[in-house]
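Welcome to this structure! Please keep the viewer open while you read the points below.

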Amino acid sequence: ETLINRIAAGEIIHRPASALKELIENSLDAGSTSIKVSVKDGGLKLLQIQDNGHGIRKTDLPILAERFTTSKISSFSDLSRIATYGFRGEALASISHVARLSVTTKTKKDGHAWKATYSDGVLVPAKAGQSADPKPSAGNDGTIITIEDLFFNTPTRLSALRSASDEYARILDVMTKYAVHNSRVSFQCKKAGSGSPELTTPANSTIPQAIKLLYGHTIANELLHATPTSSGEQDPDESMDVDEEDQDMDEKGSWRSEVYFTNANYQAKKTNFLLFINHRLVESSRMKRAVEAVYTSILPKGASPFVYLSLEVDPKHVDVNVHPTKKEVHFLNEDGITAEICSAVQATLAKQAT
Ligand code: ADP
Ligand code: MG
């Protein structure tokens, strides 16, 4: 059973950067305004994340790393949202099967922090001879998650990875993207023991400010902005009857989006496409290709844009048949929504060109 758990965990946690993505999302879910990450050996030796969120109650610590432990589904109606948001209580459980996991956490109400150590889903003693119970510890409000020796017990996973520097680059990439999307939150990432962080953002920035800081002024200077949104609400016939409107919205699905994208002056070798659906970093090769197609008429051959797209759709409409841990997502009316977003981008580009 242990082996099966490890294999299953490896399907969810592919590499240090995928563990970090889960941890960042947890910190954001906890309302953090500051997220600090510290890394050793590309995250394989050490991956630590410190946030200033609401913390975890001591009573929740014993089951924290059990599968399907989540504090994020409070009512039955939320169940349909689980897959979309990734609230499935599998991240910490998975990590505990493939690494040494410890959690130091303090809520506002606690007088001090508590530290708990996990292995294979359950509490274990931090040191041989101690009890497995959470121990009183020093610590500020918020949570520190420490992952050590990732994949020490799954050599196949470990050998599938490339170099520590490659893994570190992926960690920085994930953090950079979340730092753009969550520009109000301050992010920091550094190698453990080294003085200056590789990545640091101030709190309360705007998205364009964050793009400028993280991707450089050559991109930021050429940015355009659009906010394509579903047109359902504006139809006067539908707004007559509230019930009918609700029903209609349900069928078609209301959605909204925010896009920052470069104009024809900016020409990169490869497309940089940052896609967030319902605030989760995802991949969609279909949407990426559609966005690239908009630029074929305005950029010379071989030149590519920078595009940040945040899309919010009804969680009910995201395809739950696609395994939620797969980054490729699908959602209802995907092609229709993509087409509307692309035509808004195209219109803004055309307007600027004249
Ligand atoms: P999920 O996010 O799907 O609920 P996880 O395995 O990622 O499942 O986390 C399990 C639970 O641990 C969360 O529901 C949350 O209650 C708690 N948790 C994890 N990380 C944090 C954090 N940084 N701050 C506060 N609570 C956290
Ligand atoms: Mg989570």
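This is a predicted model: local features need pLDDT of at least 70, side-chain atom pairs count only at pLDDT 80 or more; totals for chains, interfaces and linings use all residues.

1. A word on helix pairs before we start: an axis is a line fitted to C-alpha atoms over the stretch in contact, and the angle between two axes runs from 0 to 180 degrees between N-to-C directions.

2. On the α11 side you will find Met287, Ala290, Val291 and Val294, which meet Thr338, Cys342, Val345 and Gln346 of α12. Sorted by class, the contact of α11 with α12 has six nonpolar residues, two polar ones and no charged ones.

3. Now for the whole chain. Its secondary structure consists of twelve helices and 14 strands. The protein chain has 354 residues, and 35% of them are buried. If you take the contacts with a separation of 6 or more, 69% of them join residues 24 or more positions apart.

4. Next, have a look at α2 (16-29) and helix α6 (residues 164-181). Their axes lie 8 Å apart and the packing angle is about 25°, so α2 and α6 are roughly parallel to each other. The crossing in which α2 passes α6 is right-handed.

5. Which residues of α2 and α6 meet? From α2 come Pro16, Ala17, Leu20, Lys21 and Ile24, while α6 brings Glu167, Arg170, Ile171, Val174 and Tyr178. The residues of this contact divide into seven nonpolar, three charged and no polar.

6. Helix α6 has another partner in helix α7 (residues 207-215): the two pack at an angle of about 155°, with axes 8 Å apart. Since angles over 145 degrees count as roughly antiparallel, α6 is roughly antiparallel to α7. Thr176, Ala179 and Val180 of α6 make this contact with Ile207, Ala210, Ile211 and Leu214 of α7. In the contact of α6 with α7 there are six nonpolar residues and one polar, with no charged residue.

7. Gly43 is worth a click. You will find Gly43 in the loop between β1 (34-40) and β2 (46-51). Is Gly43 buried or exposed? A residue is buried if 20 or more other C-beta atoms lie within 10 Å of its own. Gly43 has 26 C-beta neighbours inside 10 Å, so Gly43 counts as buried.

8. What does Gly43 touch, leaving aside residues up to four places away in sequence? The answer is Pro16, Leu20, Leu150, Glu167, Tyr168 and Ile171. Pro16 and Leu20 also take part in the contact of α2 with α6, as do Glu167 and Ile171. Gly43 and Asp149 are 106 residues apart along the chain, yet their C-alpha atoms are separated by 8.4 Å.

9. Finally, turn to ligand 1. There are 23 residues around ligand 1, and those that come nearest are Asn26, Ala30, Thr70, Ser71 and Ala91. Both α2 and α4 (91-98) supply at least two residues each to the shell around ligand 1. By class, this shell holds eleven polar, seven nonpolar and five charged residues.

Note on methods
Residues are numbered from 1 along each chain as its sequence is written. Chains are lettered from A and ligands numbered from 1 in the order in which they are written. A residue is near a molecule or strand if its C-beta atom, placed from the backbone, lies within 6 Å of it. Helices (H or I, at least four residues) and strands (E, at least two) are DSSP runs, numbered from the N terminus. Ala, Val, Leu, Ile, Met, Phe, Trp, Tyr, Cys and Pro count as nonpolar, Asp, Glu, Lys and Arg as charged, and the others, Gly among them, as polar. Angles under 35 degrees count as roughly parallel, over 145 as roughly antiparallel, 65 to 115 as roughly perpendicular and the rest as oblique. A crossing is left-handed if the near helix is turned anticlockwise from the far one by less than a right angle, and right-handed if clockwise. Two residues are in contact if their C-beta atoms, placed from the backbone, lie within 7 Å. A residue is buried if 20 or more other C-beta atoms lie within 10 Å of its own, exposed if 12 or fewer, and partly exposed in between; C-beta atoms are placed from the backbone.
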